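Biologist: I am new to this structure and would like a short tour. Could we begin with the aromatic residues?

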Amino acid sequence: MATAPTTLDTSDIDQYLGKTMDFSPLREPIGNNDIRRWVHAMHYPNLLHFDPKYASESRYGKLVAPQSFAIATDDGHGAAPACVGCIPGSHLLFGGDEWWFYDTKVVAGDILTNTRIPFDYTLKQTGLGPTVFQRGDNNYANQNGEPIAKQRSTSMRYSAATGGEKVNEADFEEPSWSDEELAALEDRKFAWVQMLHDLGHKERWWDDVNVGDELPERVFGPHSIASFTTEWRAFLMNTWGALSFRKNDLEALGFTKEMAGYENDPDMMLINPELTDGAYYGPSRGHLFPKYARRIGMPRGYGYGASMGSWVTDFLSGWAGEHGMVVHSIANYRGPALTGDVTIQTAEVVDKTVDEEGRHLVHVKHKMVNQRGVTMCNGTAEIKLPKKAG
């Protein structure tokens with residue numbers, strides 16, 4: 001067995017920091033079905049984003065995308081500016097996201113662009129051995145130059161060999177759910193959906209929210225290869241030809257040969273597009289194939305970090321309703337969504353403020369755990385809500 005590395009070579013990263021990267025533009029405008037496919041894949045049954053009659057009666061008068069949608073238009077789940085510079089023999093996992101959201105909504109006909117700038121990195125020791133925590137900024141805007149959102153993404157880059165050595169064999173098997181347990185889960189899952197229906201087009205008033213309030217629990221799952229595949233297909237980059245892909249050499253970034261491949265390679269897409277599909281080959285196939293998941297430290301199929309970040313945004317913005325919005329959030333990923341597991345989201349109101357712009361904000365701490373209580377994600381957020389007159 002190879003000796004585990006005691007450090008990682010980060011010397012190649014510095015030359016990229018602070019410099020704008022290229023990106024892969026959309027070839028056609030966003031369509032309503034792109035938005036519908038996204039909320040379907042993210043388990044977010046908000047009628048505002050897929051039902052034309054309901055959307056026409058909303059404050060917007062038409063179907064709009066959820067706040068989480070911007071990342072669906074990127075060519076790398078927001079990870080590209082957090083994965084520059086060669087780290088030999090490495091692999092990557094999402095470590096977290098920080099988001100700032102602006103007032104402009106995404107609608108059919110828009111074409112989003114992303115200005116990407118690598119930000120910084122630090123080297124730490126973790127359970128995966130020496131690990132680089134690298135950050136990069138994604139700045140999403142529409143065709144009019146109006147800002148949509150800013151995402152500061154954190155990647156964890158570590159030795160792929162060390163990750164494979166540390167995989168927990170005790171977690172190879174999925175949990176088994178009885179029919180009775182699944183029926184009870186459906187009731188818990190629908191309770192949050194009913195909250196969306198009950199709020200409808202009404203305001204959730206800042207005045208009516210109190211410190212110590214708990215947001216309604218959101219539950220979904222059990223996750224499966226099928227559900228993760230549905231998520232993967234909702235990212236526009238994963239439809240052949242949807243983006244004009246930039247050339248990106250994953251082996252040159254240090255990915256091992258078996259996990260690099262031709263994912264999103266524009267030249268190979270014209271020859272054999274199946275080889276460019278990360279669901280089957282390349283660094284993303286560990287999500288859907290346990291064989292490759294175990295080689296980089298995961299016990300079985302696991303979910304996408306970009307999806308987890310979107311679950312956080314949807315959870316909070318769904319509670320806020322169509323008259324409110326998430327203005328800022330931080331999500332720290334602590335564990336994966338594994339096949340067979342259930343995701344449970346909770347949040348508590350910890351403060352209420354009025355900022356310098358006069359916005360009435362509710363501050364929350366949010367958390368995501370699985371059915372065993374293992375933390376998957378935690379963080380904070382500020383949510384803008386309407387204020388009653390007077």
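Modeller: In this predicted model, W38, F69 and F235 form one aromatic cluster.

Biologist: How many aromatic pairs does the structure hold?

Modeller: The structure holds 8 aromatic pairs. In one of them, W99 and Y140, the ring centres are 5.9 Å apart and the planes meet at 15°, so the pair counts as stacked.

Biologist: Where in the chain do W99 and Y140 sit?

Modeller: W99 belongs to strand β1 (residues 90-101) and Y140 to strand β3 (residues 129-141). The two are 41 residues apart, and their pair links distant parts of the chain.

Biologist: Are W99 and Y140 buried or exposed?

Modeller: Both W99 and Y140 are buried. Another aromatic pair, W192 with F315, is tilted, with 6.4 Å from centre to centre and 40° between the planes. This pair also links distant parts of the chain, as W192 is in helix α4 and F315 is in helix α9, 123 residues apart.

Biologist: What is the relative accessibility of W192, and what is that of F315?

Modeller: W192 has 1% relative accessibility and therefore counts as buried, the cut-off being under 20%. F315 counts as buried as well, at 1%.

Biologist: Which charged residue sits over the ring of W192?

Modeller: That is R218, whose charged end is 4.8 Å from the centre of the W192 ring. Elsewhere, K352 lies over the face of W206, at 4.2 Å from the ring centre.

Biologist: Back to α4: what span should its 21 residues have?

Modeller: Helix α4 covers residues 179-199 and should span 30 Å at 1.5 Å a residue. Its end C-alpha atoms are 31 Å apart, which agrees.

Biologist: Which residues of α4 are buried, and what do they pack against?

Modeller: The buried residues are L185, K189, W192, V193, M195, L196 and L199. They pack against β5 (218-220) and α9 (305-320). Just after the helix, G200 takes a positive phi of about 55°.

Biologist: Changing topic, how many disulfides are found?

Modeller: A search of the whole structure finds 0 disulfides. C83 is buried, with a relative accessible area of 10%, and C377 is buried at 0%.

Biologist: Finally, which residues does UniProt list for a domain?

Modeller: The unreviewed UniProt entry lists residues 20-150 as "domain: FAS1-like dehydratase". In the model, that span is 11% helix and 33% strand, and its end C-alpha atoms lie 14 Å apart.

Key. Residues numbered from 1 in each chain as written. Predicted model: local features only at pLDDT ≥ 70, side-chain atom pairs only at ≥ 80, totals over all residues. Heavy atoms only, no water. Disulfide = S-S within 2.5 Å. Buried < 20%, exposed > 50% of the residue type's maximum accessible area, 1.4 Å probe, protein only. UniProt positions renumbered as here; feature names shortened; annotations may be inferred. Helix = DSSP H or I, 4+ residues; strand = E, 2+ residues; numbered from the N terminus. Expected span 1.5 Å × (residues − 1). Contact = heavy atoms within 4.5 Å. Phe/Tyr/Trp six-rings, centres within 6.5 Å; stacked < 30°, edge-to-face > 60°. Lys NZ or Arg CZ within 6 Å of the ring centre and 35° of its normal.
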